[in-house]
Amino acid sequence: MEVSGQHIGHGIREEEEQAISEKLPEILGEFSRERSSLLPILQRIQEAFKFLSPGAIKAVAEYLGLSGSEVYGVATFYNQFRFHPPGRHEIKICMGTACHVKGGDVILENFERRLGIKEGETTPDREYSIERVACVGCCALAPVAVVDDKVIGYMQPSKVEGLFLQFEIQRKIREGQIKTEAS
Ligand code: FES
C-alpha cells in the first residue's frame, strides 16, 4: 500500500487486522466496484469496525482498482474517519470557533501531553483516544470537551488532571486493586 511514512495503523493488533480482513469481503460485496462507492464503503467499514485499518484501506483500494494513497487521501479529507481503534475512554476536544477562541487548543495540548499521544491517536493500552471535533453545539460553555459522550464545559488544565484521577480510580476498581462495598 502506498501509504508508507503516513502515521497510520499505530497500535493495531495482528489478530484485529485478521478479524477485519475476514469480514471485509462481505461488506465490500454490498457495493459496486465504482469509484462513487468509495465514500459509502469507507463509512460502512468505519461503522462496522469503528476505524479504518491499513488492511481495510488496502482492501478497498484493490476492490475499486485505486491506489492505497488515493483511498487514504479521500479518507483524510473527510475528518469523520479515524485510523486508530478508539480507546476505552474517548476524549473529543471541540475546535469550533468559540472553543478555539477560548483556548481549545491549549486544552487539546494538555490532553496530548498527559497521554503522550497526538489527536487522532489511541494510547497503546487502548485506554484513551483523543480527537478534535467541530462545534458540538454548547458554545456558551466554551472551551468544551466531550469525554465518553459527556459534555464538559469551561474546560481548564486542572479539570484534565481531575478527569484522569477519576479514570485511574475506575481502572483500579475494575482491576480489583480497590475494593468497593459492592465487590
Ligand atoms: S465551538 Fe465548541 S461547542 Fe461550539
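Asp148 counts as partly exposed, because 13 C-beta neighbours lie inside 10 Å; a residue is called buried if 20 or more other C-beta atoms lie within 10 Å of its own, exposed if 12 or fewer, and partly exposed in between, with C-beta atoms placed from the backbone. The model is a predicted one, in which local features need pLDDT of at least 70 and side-chain atom pairs count only at pLDDT 80 or more, while totals for chains, interfaces and linings use all residues. Residues are numbered from 1 along each chain as its sequence is written. Asp148 sits in the loop between strand 3 and strand 4 (150–152), and its phi is positive, about 50°, although Asp148 is not a glycine.

A second residue of this kind is Lys50, also not a glycine, with a positive phi of about 75°. Lys50 belongs to the loop between helix 2 (38–49) and helix 3 (54–64). Lys50 is partly exposed, because 13 other C-beta atoms lie within 10 Å. Most residues other than glycine have a negative phi, and most peptide bonds are trans. A cis peptide bond is present between Ala142 and Pro143, with omega at about -5°. Pro143 lies in the loop between strand 2 and strand 3.

The chain contains 7 helices and 4 strands; helices (H or I, at least four residues) and strands (E, at least two) are DSSP runs, numbered from the N terminus. Their order from the N terminus is α-α-α-α-β-α-α-β-β-β-α. Along the principal axes, the C-alpha atoms of the chain fill a box of roughly 50 × 45 × 30 Å. Of the 183 residues, 27% count as buried. Among contacts in the chain with a separation of 6 or more, 65% are made by residues 24 or more positions apart; two residues are in contact if their C-beta atoms, placed from the backbone, lie within 7 Å.

Two domains are assigned, domain 1 (14–77) and domain 2 (89–174), with bounds that come from an automatic or database domain assignment. Their C-alpha centres are 29 Å apart.

Helix 1 (residues 14–28) has 15 residues, and the distance from its first C-alpha to its last is 21 Å, close to the 21 Å expected at 1.5 Å a residue. The expected span of a helix is 1.5 Å times one less than its number of residues. Helix 1 has a kink of about 30° at Glu22, shortly before the proline Pro25; the bend at a residue is the angle between axes fitted to the seven residues ending there and the seven starting there.

For helix 6 (residues 104–115), the 12 residues should span 16 Å at 1.5 Å a residue, and the end C-alpha atoms are 17 Å apart, which agrees. The buried residues of helix 6 are Gly104, Ile107, Leu108, Asn110, Phe111 and Leu115. These residues cover an arc of only 155° around the axis, so they lie on the same side of helix 6; the arc is that of the directions from the helix axis to the C-beta atoms. Val106 and Arg113 are exposed on the face turned away from the buried side of helix 6. The packing partners of the buried residues are strand 1 (89–94), helix 5 (97–101), strand 2 (128–133), strand 3 (145–147) and helix 7 (157–174). After helix 6 comes Gly116, whose phi is positive, near 70°.

Strand 1 is largely enclosed by the rest of the structure, because 5 of its 6 residues are buried. Strand 1 and strand 2 run parallel and are joined by 6 bridges; two strands pair if DSSP finds at least two bridges between them. In this pairing, Lys92 stands opposite Glu131 in strand 2. Strand 1 also pairs with strand 3, in the antiparallel sense and over 3 bridges. Here Ile91 stands opposite Val147 in strand 3.

Val136 is located in the loop between strand 2 and strand 3. Val136 counts as partly exposed, because 17 C-beta neighbours lie inside 10 Å. Apart from neighbours within four places in sequence, Val136 is in contact with Cys94, Val144, Val146 and Val151. The C-alpha atoms of Val136 and Leu38 are separated by 27 Å, and the two residues are 98 residues apart along the chain.
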